[in-house]
Amino acid sequence: MGVLSNIAIVVAAISFLTFVALFGQLPVLRKTPIGWLQRALCLHAPRGLRALDRVTTGGRITIKSKRLGRYLFYEKNPIVIIIFLGLMTGSAILFLCFAIPELPASLILPIPFLVVQPYLFTWLCVRHRGHYINPSTHTTRLHDYPYDDTLFVANNTCSTCNLAKPARSKHCSLCGVCVAMCDHHCPWINNCVGRGNYRWFLALLLSLGLMEIYGAYLSYWILRPFLTINPGNGYFGQAYWDDVLRVTVIAINAGGLSIAGVGMLMVATFTLPLGLLAYHCYLIWAGMTTNESSKWADLREDMADGVVFKCSREALRTHNRLRKYGDRNAGYGNGSNPGFANGASGSGYANGGSNPALHDWDVADELYVAWPISSDQIVVRTMDGRAPTGQEALWTQVWSLADVVNLYDLGGWDNFMQIMKGG
Ligand SMILES: [Zn+2]
Ligand SMILES: [Zn+2]
């Protein structure tokens with residue numbers, strides 16, 4: 001019990017300090033002991049240490065710590081994956097060394113299968129490079145998805161890669177490239193989760209959760225002789241809970257760090273990968289990536305601000321064609337100012353008076369993309385909450401995401417199959 005209680009004290013102390021560091025600067029806690037402790041920890045202590053470092057080493061430790069901080073948090077590095085694999089391997093070895101002699105063959109059989117999978121899927125996630133967009137893959141990636149003219153518009157060039165951004169892609173500053181169907185950069189796998197390795201990422205979360213549940217079950221199976229509660233006490237009364245506490249302490253003493261400690265770790269953490277998996281299942285059901293979910297959230301806020309408008313692509317194309325051939329009588333509005341005077345932008349906010357919603361429809365060089373569904377919708381955001389000047393009749397103000405089509409949502413099952421297809 002001694003080692004376990006020490007571990008529990010260390011975990012509690014780390015949890016408390018993390019809470020203080022994260023929440024101590026909230027206005028509501030600023031003038032409380034939590035706020036004072038946060039300032040002492042995060043402001044005064046580092047300042048004191050820096051002053052001490054200046055006196056003793058001329059500031060060399062400060063410079064090196066800043067470099068380390070930059071490396072850990074702002075550069076691509078394998079630290080998290082090393083900690084994750086180290087913790088997983090250490091726990092598995094510790095647990096299995098003591099558990100195997102206690103288990104029957106029928107319970108041992110699934111272990112190799114369950115233990116190997118998280119390593120396999122981690123490796124598949126980490127080594128994947130097929131979603132990196134470079135000059136040789138660029139054309140293929142442009143044909144993956146159509147531009148929806150809502151979240152993604154054509155003719156948007158990545159200033160770092162100097163390549164036109166394919167629909168659903170995102171530049172990752174940590175990986176240093178644009179990533180196809182980018183979901184998010186995951187320090188856990190030291191790579192971006194995107195087209196091709198998303199399925200391995202989901203498999204990693206599932207396999208990790210299943211392995212932990214099975215490990216927790218084996219821990220319970222070994223310790224179950226100690227977990228006998230006196231039925232004479234009834235259920236859920238004071239005597240019952242006293243009994244639960246008593247047998248738990250006995251089981252922890254009997255199981256020690258290897259069986260009870262690792263078992264508790266698995267019980268405490270199996271919800272993390274499975275919770276994340278549930279969140280990603282929701283995203284897949286809704287037909288969006290993590291990156292797109294934040295774009296939809298931004299769009300929802302802009303709708304609440306009353307600055308979002310939509311129009312028919314076909315109507316805009318007809319309008320532009322008429323404008324091009326000078327048929328002002330057939331145009332919309334006053335016909336004399338067909339541009340977007342307020343500088344609406346399909347990809348974000350007004351920038352320099354040009355409107356990407358007008359892009360290319362005149363030159364008709366749309367890329368052919370084999371996507372099962374299509375949409376006639378163009379969505380723009382304006383700076384002043386007014387419809388694009390000269391085209392007021394074309395545009396309708398949008399107040400709800402329900403009025404906007406998500407071109408990338410094929411329906412729950414088909415979205416899932418798209419992810420499973422990978423590549
Ligand atoms: Zn890029
Ligand atoms: Zn990345």
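Predicted model: local features only at pLDDT ≥ 70, side-chain atom pairs only at ≥ 80, totals over all residues.
Local features here need pLDDT of at least 70, side-chain atom pairs count only at pLDDT 80 or more, and totals for chains, interfaces and linings use all residues. Residues are numbered from 1 along each chain as its sequence is written, chains are lettered from A and ligands numbered from 1 in the order in which they are written, and side-chain values use heavy atoms, with hydrogens and water left out.

Start with the zinc ion (ligand 2): C172 (SG), C175 (SG), H185 (ND1) and C192 (SG) coordinate it at 2.1 to 2.3 Å (donors are N, O and S atoms within 2.8 Å of the metal, or 3.2 Å for Na, K and Ca). The site of the zinc ion (ligand 2) is tetrahedral, with angles of 101 to 116 degrees among its four donor atoms (four donors qualify if all angles lie between 85 and 135 degrees).

Stay on C172, which is buried at 5% relative accessibility (buried is under 20% relative accessible area, exposed over 50%, partly exposed in between, with a 1.4 Å probe and protein chains only).

Next, select R313 and D149, a salt bridge with its closest N and O atoms 3.1 Å apart (a side-chain nitrogen of Lys or Arg within 4 Å of a carboxyl oxygen of Asp or Glu). Both R313 and D149 are buried.

Now pick R168 and E292, whose closest N and O atoms are 2.7 Å apart in another salt bridge. R168 is buried at 5%, and E292 is buried at 0%.

Finish with R141, D144 and R195, linked in a network of salt bridges.

Methods: Tetrahedral: all angles 85-135°; square planar, octahedral: opposite > 155°, others 65-115°.
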